[in-house]
Amino acid sequence: MHSDHREIPGSRAARKDEHVDLALEQRGAAPRNEFDELDFVHQALGGVDAERIDLGVTIPFGAGAGHDAGEWHWRTPFYVNGMTGGTERTTRINRELAIAARETGMPMACGSVSVALDDPDAARGFAVIRAENPDGFVMANVGVGRPASDAPRAVELIGADALQVHVNAVQETVMPEGSRDFSSWLSSVEQLAAASPVPVIVKEVGFGLSRATLRRLSEIGVRLADVSGRGGTDFLRIENARREAGEYAMLTGFGQSALASLLDAPASAPTLLASGGVRTPYDVVKALAAGARAVGVAGAFLEAIGPDGTGGGAERLVALVEDWKARTRAVYALLGAATRDELLATDLIVRGRLREFCADRGVDLRGLASRSEAPRA
């Protein structure tokens, strides 16, 4: 769970444990979110054989910010998104997540490593990820505003294949000890991306990336972004619960959902990943059909292993991931898509608040509803 401004390492570590508790409190009965406002047009005779389904995804990234063009190939269309690390408790959580990622072939991101960059005693909470998953795809994580020199340090800490740089202005606004100066953040992202020895993924922490933000990221050479929208773990609510005075519940509902961000994204956007409010394999498929190349999951996977990594642990998460794979494959077959790319030819119906957003932003709703009729390239 994120935030990266400078503070006493011990207090930041305690906050990470508190974030875990507050995030799990939100799980309960999965609430409705904008994933429920996207439907597929059912084609009763359009299905395919589930045995033909390839769940693997390709994540392309163009040259930029000091890196050559390339692509990653992931065995699953969903991955463990960044959550936590840096304390004894969160070390156990990261160990179990890493074991499950290793056993299932999932990529995995860690939570912000800034606490370990400032306090070497916290490094073990992150290094355990690579120790348990030596050959897997692993993403490090730092927050915007950190020195550019922290990018290679974060990558080295866990032998990362990619670096998430998280932006969290809403969280910082509500956080009792948060920053209020966001004026240098674009420049900071550019500097961190240029200094990173591996490709950078810029991600929100649950409030979405707008069309203009995605354009600006492309302009400074960022080639990958996780839109991480509203609807999942709510860091506004988490930080508000930590306040003793001056509550910010007035901002409840602020930001865009993952689907809103995907459907509103410009053609010039970086390669897009998505997270935020992903509760089921069906949500994964919807995000892929809306334009995400892969989908990050946090809360559902954290709940599976337990609040301190000793509940269901890796064994339970492995079983859950295998179930998600099977159900994802079944939905692909129902929709007549043998691959992620073929999902882009499914017809999408947008409803409710999501439809209002898309209509106001000029998204072609009729085009989305009749994509299967478009000429094939």
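Student: Where is serine 228 found?

Tutor: Serine 228 sits in the loop between β9 (224-226) and α9 (235-241). Helices (H or I, at least four residues) and strands (E, at least two) are DSSP runs, numbered from the N terminus. Keep in mind that this is a predicted model: local features need pLDDT of at least 70, side-chain atom pairs count only at pLDDT 80 or more, and totals for chains, interfaces and linings use all residues. Residues are numbered from 1 along each chain as its sequence is written, and side-chain values use heavy atoms, with hydrogens and water left out.

Student: What is phi of serine 228 near?

Tutor: First the general idea: most residues other than glycine have a negative phi. Here, phi of serine 228 is near 35 degrees, a positive value in a residue other than glycine.

Student: Is serine 228 buried or exposed?

Tutor: Buried means under 20% relative accessible area, exposed over 50%, and partly exposed in between (1.4 Å probe, protein chains only). Serine 228 has 5%, so it counts as buried.

Student: Which side chains does a polar contact of 3.4 Å join?

Tutor: A polar contact is a pair of N or O atoms within 3.5 Å; within protein, one must be able to donate a hydrogen and the other to accept it, and residues adjacent in sequence count only if both atoms are side-chain atoms. This one joins serine 228 and serine 275. The side chain of serine 275 also has a polar contact of 3.1 Å with that of asparagine 81.

Student: Where is serine 275 found?

Tutor: Look in the loop between β10 (271-273) and α11 (281-289). Serine 275 is buried because its relative accessibility is 4%.
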